[in-house]
There are 2 protein chains.
Amino acid sequence: MISKPRFANKTIDVVGIGNAIVDVLVQSEDVFLETHGLIKGSMTLVNEVQAEKLYQDAGPGIETSGGSAANTLAGIAMLGGKANFIGRVRNDQLGKIFNHDIHSVGANFETPFSTEGPGTARCLIIVTPDAQRTMCTYLGASVQLEPRDLDLSVIKDTKIVYLEGYLWDNEAAKKAFITAAKLAKSSGGEVALSLSDSFCVNRHRESFLELVSNHIDILFANESEIISLYQSSNIDNAIKELRSCCKTAAITRSEAGSIVLEGERFWEIPAFKLGNLIDTTGAGDLYAGGFLYAYTQNKPIKDCGEIGSICAGKVVTQLGPRSRDSLKEVLMNYGRY
Amino acid sequence: MISKPRFANKTIDVVGIGNAIVDVLVQSEDVFLETHGLIKGSMTLVNEVQAEKLYQDAGPGIETSGGSAANTLAGIAMLGGKANFIGRVRNDQLGKIFNHDIHSVGANFETPFSTEGPGTARCLIIVTPDAQRTMCTYLGASVQLEPRDLDLSVIKDTKIVYLEGYLWDNEAAKKAFITAAKLAKSSGGEVALSLSDSFCVNRHRESFLELVSNHIDILFANESEIISLYQSSNIDNAIKELRSCCKTAAITRSEAGSIVLEGERFWEIPAFKLGNLIDTTGAGDLYAGGFLYAYTQNKPIKDCGEIGSICAGKVVTQLGPRSRDSLKEVLMNYGRY
């Protein structure tokens, strides 16, 4: 039981800052990864020429709005939370699609479009027959995000500022996030981070360690990310390190569910199976979405984990990283709304 | 048993002429159709302003290459047939997506892109909870197709020229098709038509009747389209009329399978259930694709119907109007390849 609200006098539940990306989902055999020198399960940053070449060689695609934090924020908005996304697209067709999709679920998105320079970011997601995903991201316009894109009055009025680790690949966006994190904390809000992927953690370990120790209240990570962050020999040691840094964390473990930590306590949360597994894209993002929505609604931490787990269980029964069915109804069916 | 090949000395199996369209699939409640004055199950042509308004009001979408004849030709190419698509896109992001997807399955597509004027055509496909589809099409660049886009040497070297009825909404494209049909016939090829939808038949009944009588060897239609074409009181009467016009026809009946007609003979073909029904978009298009592929491979007509039925059965287990799994492998599993 929680006796007093976590946040007082805040009208926005979550502001998410992330790369605004349109996903291109393609199915390929393992040989496609080998031919293009891609490591299965990784997210590789590519330049425009590489992106064109990969796309040219790939099979037919399905385009759908993505971006890790954007998926999380779309989930929060679908659940009825007040969600505000900050990220940069260009004023091209893919940018309009991104803008449409995030508004259509009720999220707020007001970052000005770029009118020149690189096009809207695109992520080629290669799904191999074992259902694993390998991602090649051309960041395009999304790296043009800069500190002045932040609406400071919005940040002050927000319960949680949420960041995706992928932003660490972009200096200006990183600065924007640090600014937002400091302002959120000084205004009585909290700061959440998703580590995004273990390769991203490898690229930015020192910087992430400093960030997690000094700025992060709620950390989302999977097992390989957290082991990579602390360079631990196993998950138990990684969790010990984590406990000394963050007051709240959720470690996701795919079909094994998740572990939720708060101070000295922890809970094991099962995975929820809501249908046949179709595509795991967005599972971690929607877990964070369900968790943060419940957290801003003042639910006990164990419930936050379960609601995250239900949302993740739903999105993996559909193609693409966002649910097309009402997440609110899904929670109602589980007596959680 | 067929003793002699249907076509001699032709290197291309099927040339398809149609609207080059990117589909936007959205899920909506019935009230969305009522609010926007849309008739369930219809395809409505909309202008750019209407298209923007509908898209703005719709939920999150998934973009994927579509277009009726283009879907059929993609299916033929996936099966290993030599397939050539003719249609017009603009040189914008959606046009590049369309171009990528049709090439990625091995179809040939060389129609020059428009470099100015309206953007690549887009079809908003609204899927209601009863799994019915209601389509709103903004034809954009696709209506800029014109007779000079036809490569006459290709038409002469083609077994079948295939047309979608939707082209009848566009005068220049209609002229292009008539030109192609006459040339195909005079070169020893055949001409096939899909009636596309009963509303399209209503818009162009006289013209379609004249076309079917004078130019069409193989007709694809569903029950409501063929009843609409002949304004018959029932399907049996419509089939009687049809027999006197076309040498070969296939009447699709959703989960009831199809009826295939050749001269005085007919066969009832069952529907094949290859998995859970996910999305019926593309079922008719892939039926035609399987049928025409088998037809160009000199298979008996009953086999053409069954192969069409298997391909349709596969595409409805996936989201979008084209199969992402290999249709060749699917046929192999049924001992049909």
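How many helices and strands does the secondary structure of chain A come to? Chain A has 13 helices and 14 strands. Both are DSSP runs numbered from the N terminus: helices are H or I with at least four residues, strands are E with at least two. This is a predicted model, where local features need pLDDT of at least 70, side-chain atom pairs count only at pLDDT 80 or more, and totals for chains, interfaces and linings use all residues. Residues are numbered from 1 along each chain as its sequence is written, while chains are lettered from A and ligands numbered from 1 in the order in which they are written.

**Overall form of chain A**

- The C-alpha trace of chain A spans about 55 × 40 × 40 Å along its principal axes.
- Of the 337 residues, 55% count as buried (20 or more other C-beta atoms, placed from the backbone, lie within 10 Å of the residue's own; exposed means 12 or fewer, partly exposed in between).
- Take the contacts in chain A between residues at least 6 apart in sequence: 76% join residues at least 24 apart. Contact means C-beta atoms, placed from the backbone, within 7 Å.

**Strand β4 of chain A**

- Strand β4 (residues 62-66) of chain A is largely enclosed by the rest of the structure, because 5 of its 5 residues are buried.
- A:I62, A:T64 and A:G66 point one way from β4(A), and A:E63 and A:S65 point the other way.
- In a regular strand, side chains alternate between the two faces of the sheet.
- Strand β2 (residues 21-27) of chain A pairs with β4(A) in the antiparallel sense over 5 bridges. Pairing needs at least two bridges found by DSSP.
- A:D23 stands opposite A:T64 in β4(A).

**Where chain B meets chain A**

- 22 residues of chain B contact 22 residues of chain A.
- On the chain B side, α4(B) gives the largest share, 6 residues.
- That side of chain B divides into 8 nonpolar, 9 polar and 5 charged residues. Ala, Val, Leu, Ile, Met, Phe, Trp, Tyr, Cys and Pro count as nonpolar, Asp, Glu, Lys and Arg as charged, and the others, Gly among them, as polar.

Key. Two residues are in contact if their C-beta atoms, placed from the backbone, lie within 7 Å.
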